[in-house]
Amino acid sequence: MILSMTAELTEVLWKAAGKLRGSVDAAQYKDFVLGLVFLKYVSDSAGSGAFRVPDGARWADIAAGDPDTVGVRVDAAMDTVMRANPSLDGVLPLIFRDVDQRRLGELVALIGAARFGGRRARDVLGEVYEYFLEKFARAEGKRGGEFYTPPSVVKLLVEILRPFKGRVYDPCCGSGGMFVQAEKFVRSHRGRLDDIAVHGQEANERTWRLARMNLAVHEIAGDIRRADAFHADAHPGLEADFVLANPPFNMSDWYRDPADPRWSFGVPPAGNANFAWMQHIVAKLGPRGAAGVVMANGSMSSRQSAERRIRAAMVDADLVSCVVALPGQLFRSTQIPACLWFFDRDKRVRDEILFVDARGMGTMVDRTERVLTDPDIGRIADAYHSWRDRSHSDVPGFCHSAGLDEIRANDHVLTPGRYVGAAAPRTPDGEPVADRIERLTKELFAQLDESERLDHVVRDELRRLDE
């Protein structure tokens, strides 16, 4: 059986991945499966794809031979492909020789049924890879949040920032989802992929490998380095046009140097890195740079003295352009409520911040997970862009543009619910109460007028009968 349709392919490959379940460490599970899927892709597309696959490293070479040494052949093929393609140096896993060879052989046979050749090979692989990353993140629960951001959240960040052209940076890039979505945005707007340059860093080695492989899958040339952003800035001197980031929430175990020049708005507290991430991101912005950052809700209203001072200083510097309160249950990996902060060094609307309360938006896809739909994302992004284009109108309960004096009067608390007010009350069928009252009043007056007309008609007819 040959598999080529994406939906069928992903379903079968996910079931096939179960062949190794229980025989390898859970943290390495995705490395085995995604590594094999990638190797199958480069083998199928050899000669027409972006990667060189020397003789001896093709899938047919792996599948043939002694089944008891299939892992040795896989490792050798991985090593050969990396040597032949400098962009893959150090990326592919060399971990197959010591696992259960019988189960590995069964997995190799099942993946062998997949076909990644043809005109859409890269797109199919990209869809398969994204599907697997999401499935692994769900399966790993809390740990999955270390490398994966829900697609609807990433898409919202990208739709607001619109990274058409320039340098895109992520200081904690996980598996590289922000870069992939930026690439999709450029392609969907008929731009050229080389219009954006990708820069990132990731502290976790396995996650860094995932990111490098993910970019390779999507044929995105990026400079992704393995480093802790606080201990070692991997891109000194970078002036980013766009920053997209989902840092770990409320991280307490982080490298902190009180003399770090990045703390221009105040030294972050040792027990929480939220404002360290935000200051690092702001420090990376070029003269016209903009950033979108996923943060824990506490960042908007924290009363901790250092965080409160830093938040106030960033607001007073007129760097914050927008704050969005997100609905709950978007992140399977954490129950901590989240929000989005947007920074802009080239604000068109000075001395104001747009607040958007999206807590009531989204659709539940199962008992535990919510997603923002495309209409939800469009509504939020449209509110931001109309505000930036100075054609904004406040919508009670949804969005409000607040001046800095109003924000200072609220002690620099940035919780959108404090500013947007209550939504206009609605009737059970969804019609605004004020609109219904106006409509019913007009209908009543029309009916009274008609009643008066009919009264005259009846009276005239009665008089005519008397005559």
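How many of the 11 residues of helix 10 (residues 274-284) are buried? A few notes follow, starting there.

Before that, the ground rules: this is a predicted model, with local features needing pLDDT of at least 70, side-chain atom pairs counting only at pLDDT 80 or more, and totals for chains, interfaces and linings using all residues. Residues are numbered from 1 along each chain as its sequence is written, and side-chain values use heavy atoms, with hydrogens and water left out.

1. **Helix 10.** The count is 10 of the 11 residues, so helix 10 is largely enclosed by the rest of the structure. Buried here means under 20% relative accessible area, exposed means over 50%, and partly exposed is in between (1.4 Å probe, protein chains only). Helices (H or I, at least four residues) and strands (E, at least two) are DSSP runs, numbered from the N terminus. Among the buried residues are Trp277, His280 and Lys284. The buried residues of helix 10 pack against several elements, including strand 1, strand 5 (285-296) and helix 12 (305-316); contact means heavy atoms within 4.5 Å.

2. **Charges over rings.** Lys284 turns up again here, as its charged end sits over the ring of Tyr169, 5.9 Å from the ring centre. Arg379 does likewise with Phe398, at 3.8 Å from the centre. To qualify, NZ of Lys or CZ of Arg must be within 6 Å of the ring centre and within 35 degrees of the ring normal.

3. **Aromatic pairs.** There are 14 aromatic pairs in the structure. Rings of Phe, Tyr and Trp (its six-membered ring) pair if their centres lie within 6.5 Å; planes under 30 degrees apart are stacked, over 60 edge-to-face, and the rest tilted. Take Phe38 and Tyr41, a tilted pair at 6.3 Å centre to centre with 45° between the planes. Both sit in helix 2 (residues 29-44), 3 residues apart, about one turn of the helix, and both are buried. In an α-helix there are 3.6 residues a turn, so residues three or four places apart point the same way.

4. Phe164 is partly exposed at 41% relative accessible area, whereas Phe185 is buried at 3%.

5. **Helix 8 again.** Glu183 also belongs to helix 8. At 2% relative accessibility, Glu183 is buried. Leaving aside neighbours within four places in sequence, Glu183 is in contact with Arg122, Leu193, Ile196, His218 and Ile220.

6. **Helix 2 against helix 4.** What makes this contact? The residues are Gly35, Leu36 and Leu39 of helix 2, plus Val74, Ala77, Met78 and Val81 of helix 4. By class that gives 6 nonpolar, 1 polar and no charged residues. (Ala, Val, Leu, Ile, Met, Phe, Trp, Tyr, Cys and Pro are nonpolar, Asp, Glu, Lys and Arg charged, and the others, Gly among them, polar.)

7. Most residues other than glycine have a negative phi. Arg390, though, has a positive phi of about 65°, and His412 has one near 60°. Arg390 is in the loop between helix 13 (374-388) and strand 11 (399-403) and is exposed at 60%. His412 is in the loop between helix 14 (404-409) and helix 15 (417-420) and is buried at 12%.
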